[in-house]
Amino acid sequence: MSDDNAHGDILNQAAQGQLKSIIERIERLEQEKSEIAEQIKEVFAEAKGNGFDVKILRKVVRIRKQDRAKRLEEEAILDLYLAAMGEI
């Protein structure tokens, strides 16, 4: 009995089909994710070409993802800590 048959016996036909379908979907989504990441990279390159600071744009995008109240609380704590350190 070969290793392939031993492993094939572990999962029934339906489970094998589901597994194959799941793996193919994940692979398809990974490809789409890669394509989207490339498009995002192109948008940042365009922004840079138009004189925008890409590092700051990334920060703006990250900030906009946050809950506003939570962000304001974090900023207040950061200001408190910086003030305590004599930085501001």
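The largest pocket of this predicted model holds about 170 Å³ of space, and its lining draws at least two residues from each of helix H3 (54-65) and helix H4 (68-84). The structure also holds 3 salt bridges, and a nonpolar surface patch of about 520 Å². Local features need pLDDT of at least 70 and side-chain atom pairs count only at pLDDT 80 or more, while totals for chains, interfaces and linings use all residues. Residues are numbered from 1 along each chain as its sequence is written, and side-chain values use heavy atoms, with hydrogens and water left out.

**The largest pocket**

- A pocket is an open set of points on a 1 Å grid over the protein atoms alone, where a 1.4 Å probe fits, with protein on both sides within 12 Å along at least five of seven lines, and its lining residues have an atom within 4 Å of a point.
- The residues that line the largest pocket are Lys-59, Arg-62, Ile-63, Gln-66, Arg-71, Glu-74, Glu-75 and Leu-78, and the largest share of them, 4 residues, comes from H4.
- Sorted by class, this lining has 5 charged, 2 nonpolar and 1 polar residues.

**Salt bridges**

- A salt bridge is a side-chain nitrogen of Lys or Arg within 4 Å of a carboxyl oxygen of Asp or Glu.
- Arg-71 and Glu-75, which are both among the residues lining the largest pocket, form a salt bridge whose closest N and O atoms are 3.6 Å apart, and both lie in helix H4, 4 residues apart.
- Arg-71 is buried because its relative accessible area is 17%, where buried means under 20%, exposed over 50% and partly exposed in between, with a 1.4 Å probe and protein chains only; Glu-75, at 35%, is partly exposed.
- In helix H2, Glu-24 and Lys-20 lie 4 residues apart, about one turn of the helix, and their side chains meet in a salt bridge of 4.0 Å, N to O.
- Glu-30 and Lys-33, also in helix H2 and 3 residues apart, meet through their side chains in a salt bridge of 3.4 Å, N to O; Glu-30 is partly exposed at 43%, whereas Lys-33 is exposed at 51%.

**The nonpolar patch**

- Ile-10, Leu-11, Leu-19, Ile-22, Ile-23 and Ile-26 make the patch, a patch being made of residues with over 30% relative accessible area and no salt bridge, with nonpolar side chains joined within 5 Å and like charges within 9 Å.
- Helix H2 (residues 13-49) gives the most to this patch, with 4 residues, and Ile-22, which has its place in that helix, counts as partly exposed because its relative accessibility is 42%.

Key. Areas by Shrake-Rupley, 256 points an atom, 1.4 Å probe, with all protein chains shown as cover. Points joined across faces, edges and corners; volume = space filled by probe spheres on them. Nonpolar A, V, L, I, M, F, W, Y, C, P; charged D, E, K, R; others polar.
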